[in-house]
2 protein chains.
Amino acid sequence: MEVFMGHPLTDDLGFLLSRASGAVVRATNAALVAHGLRVRQYSVLVLACDAAEGVTQRELADVLGLDPSQVVLLVDELTGRGLVERRPSEADRRTRLVLATDAGHEVRAAAERDAAVAVEGPLGLLAEAERDRLRDVLTRIWTAAG
Amino acid sequence: MEVFMGHPLTDDLGFLLSRASGAVVRATNAALVAHGLRVRQYSVLVLACDAAEGVTQRELADVLGLDPSQVVLLVDELTGRGLVERRPSEADRRTRLVLATDAGHEVRAAAERDAAVAVEGPLGLLAEAERDRLRDVLTRIWTAAG
DNA sequence: CCTCCATCGTTGACAACCTCCACGATATCG
DNA sequence: CGATATCGTGGAGGTTGTCAACGATGGAGG
């Protein structure tokens, strides 16, 4: 593998980004199977759990960078497992608020613990200062891309 | 969007990683359509171009983190467009070396230029020192994940 | 009030991608 | 020679990304 170090491709930030991202996602997914979740669903669950008043599906799509049609399916799966529920909004009857159930909060807490452990593999040897710096850089890349 | 800053999810490195990765890949793909390529094929082409003696498909799979069966299809598409060719290896007749054609080298050079421009959007505002640091961190994440 | 236009959720379709399993051909080790 | 491993290939099944259309609702302007 060292043969490829210094290679034009392995120096490419885009390539490194997707490679690292894939590795972390894989590790997280492996940890989440125990809870019957994939990263995608887990992300929706977390956002629903942290929004006391609920989240609209449009907001979920914007934050996660997904097409609204994907959010529909994700929420469908989560409601099917009784982890979240859709509630009509009184303010805007076009939207449907997604709220986490009690079971949803429990699963989220358990999954969050396992996911954190799994991610220690790829990210464990990063110092806290490095993580902060990485967070900052990645956030800037994201916002710059619009 | 600012509503979600400081949120448990938007602080998650895995989430930020896949979000930033997706943004860069999208931008790169948009730039590559003009050359009839996607990032995946482009990566294979680059590796083939830079290996004067050719690359085995196994090596491609390892470097790119892909299943060997995916590499087959990618090389098929590139050969179909006349950008690379498969040549039997004399040393090991199980393997087939992938080499870039003259047309492949030309397309690679043109695509590389456009891709670099497209990526300036998401990555442009990073200082050179930051890019180096990011490269280092991402490489370590990748190798740590095995 | 009413009309025009934007937005939200939903559905459907299609291409791309990932993951796993199995096979034939070849290499390597004992 | 024989057992085992590796390389490329093919195929199946599930997940993701992207796009177009639709009904229902909201909002702005006449």
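Trainee: Does A:Ala111 count as buried or exposed, and how do you know?

Mentor: A residue is buried if 20 or more other C-beta atoms, placed from the backbone, lie within 10 Å of its own, exposed if 12 or fewer do, and partly exposed in between. A:Ala111 has 21 C-beta neighbours inside 10 Å, so A:Ala111 counts as buried. Please keep in mind that this is a predicted model, in which local features need pLDDT of at least 70 and side-chain atom pairs count only at pLDDT 80 or more, while totals for chains, interfaces and linings use all residues. Residues are numbered from 1 along each chain as its sequence is written, and chains are lettered from A and ligands numbered from 1 in the order in which they are written.

Trainee: What does A:Ala111 touch, not counting residues up to four places away in sequence?

Mentor: Two residues are in contact if their C-beta atoms lie within 7 Å, and by that test A:Ala111 touches A:Leu32, A:His35, A:Leu37 and A:Tyr42. A:Ala111 itself sits in helix 5 of chain A, where a helix is a DSSP run of H or I with at least four residues, a strand is a run of E with at least two, and both are numbered from the N terminus. A:Asp132, in contrast, is 21 residues away in sequence and 23 Å away in space, C-alpha to C-alpha.

Trainee: Is B:Arg40 buried, exposed or partly exposed, and why?

Mentor: B:Arg40, which lies in helix 2 (residues 39–50) of chain B, has 19 other C-beta atoms within 10 Å and is therefore partly exposed. Its C-alpha atom is 9.3 Å from that of B:Val71, although 31 residues separate the two along the chain.

Trainee: How many helices and strands are there in chain A, and in what pattern along the sequence?

Mentor: Chain A has 6 helices and 3 strands, and reading along the sequence gives α-α-β-α-α-β-β-α-α. Of its 146 residues, 36% count as buried.

Trainee: How do you know through which surface the copies meet?

Mentor: The interface residues of chain A are, at 100%, also interface residues in chain B, so the copies meet through the same surface. The contact takes 46 residues from each of chain A and chain B, and on the side of chain A the largest share, 15 residues, comes from helix 1. That side divides into 28 nonpolar, 10 polar and 8 charged residues; Ala, Val, Leu, Ile, Met, Phe, Trp, Tyr, Cys and Pro count as nonpolar, Asp, Glu, Lys and Arg as charged, and the others, Gly among them, as polar.

Trainee: What describes the packing of helix 6 of chain A and helix 1 of chain B?

Mentor: Two packed helices are described by the angle between their axes and the distance between the axes. Axes are lines fitted to C-alpha atoms, for helices over the stretch in contact, with angles from 0 to 180 degrees between N-to-C directions. For this pair the angle is about 35° and the axes are 9 Å apart. The residues that meet include A:Leu138 and A:Trp142 in helix 6 of chain A and B:Leu16 and B:Ala20 in helix 1 of chain B, and the residues of this contact divide into 11 nonpolar, 1 polar and 3 charged.

Trainee: Which residues come nearest to DNA strand D?

Mentor: A residue is near a strand if its C-beta atom lies within 6 Å of it. Of the 22 residues around DNA strand D, those that come nearest are A:Asp67, A:Arg93, B:Thr56, B:Arg58 and B:Ser69, and the surface there has 4 nonpolar, 7 polar and 11 charged residues. Around DNA strand C there are 21 residues, of which A:Gln57, A:Arg58, A:Ser69, B:Asp67 and B:Arg93 come nearest.
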